[in-house]
Amino acid sequence: MVPANFSVNFLLARFQPLRLTMDSVFESNAIAYYVSNEELRGSTPEAAAQVVQWVSFADSDIVPPASTWVFPSLGIMHHNKQATENAKEERKHSKEDTFSMALPYFGEHFDKNDWSLWYSEYRFPEELIQAFMSCNLITGMFQRLDKLRKNASVGVMLFGTNNSSSISGSSEARSLPFR
């Protein structure tokens, strides 16, 4: 049974956090970070950025479809045929050849009336000295874009090495008015 003060003690009332001496750590990624060691967190800024990269990838691209398939079998949620088909569709096209299958599918299903596509490049490549600093710029941009999550999708990559890199990306944004 859930105690009456559960939502007060445990932010968002989702699951029990890791209890520390004075505070609690309540998100699974934060708990994993807290209990890990330097080797698992990444001993260099570049390695740490790769850890964050793969954790973010798992959160955005693996967990949602996997949850759609697994949670009903565990009795955590009811089976939703449409959601399962959508999750299978995302997996099918991510495994297909990009030029012969994925891009034509995207072109056929892209709603040109409600969405627009954009390409961008960082305008000051001479400022991109260290790769980890460039990754921090990208992370800061994503933090500022978080409020647009329902109305935009952004992908950004860092290309190159220390003292010779560039940042570019693409985005898909809902046309005005936002819904």
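This is a predicted model: local features need pLDDT of at least 70, side-chain atom pairs count only at pLDDT 80 or more; totals for chains, interfaces and linings use all residues.
User: In what order do the strands of the open sheet stand, and with what pairing?

Analyst: Strands are DSSP runs (E, at least two residues; helices are H or I, at least four), numbered from the N terminus, and two strands pair if DSSP finds at least two bridges between them. Here the open sheet of 3 strands has the order E3-E5-E4, with antiparallel pairing. Strand E3 (115-121) and strand E4 (152-161) stand at the edges with a single partner strand each, so one side of each is left without a neighbour in the sheet. E3 and strand E5 (residues 164-174) pair over 7 bridges, and Trp118 stands opposite Ser171 in E5.

User: Is Asn163 buried or exposed?

Analyst: Buried means under 20% relative accessible area, exposed over 50%, and partly exposed in between (1.4 Å probe, protein chains only). Asn163, in the loop between E4 and E5, is exposed, with a relative accessible area of 59%, and has a positive phi of about 65° although it is not a glycine.

User: What limits apply to the model and its numbering?

Analyst: Local features need pLDDT of at least 70 and side-chain atom pairs 80 or more, whereas totals for chains, interfaces and linings use all residues. Residues are numbered from 1 along each chain as its sequence is written, and side-chain values use heavy atoms, leaving out hydrogens and water.
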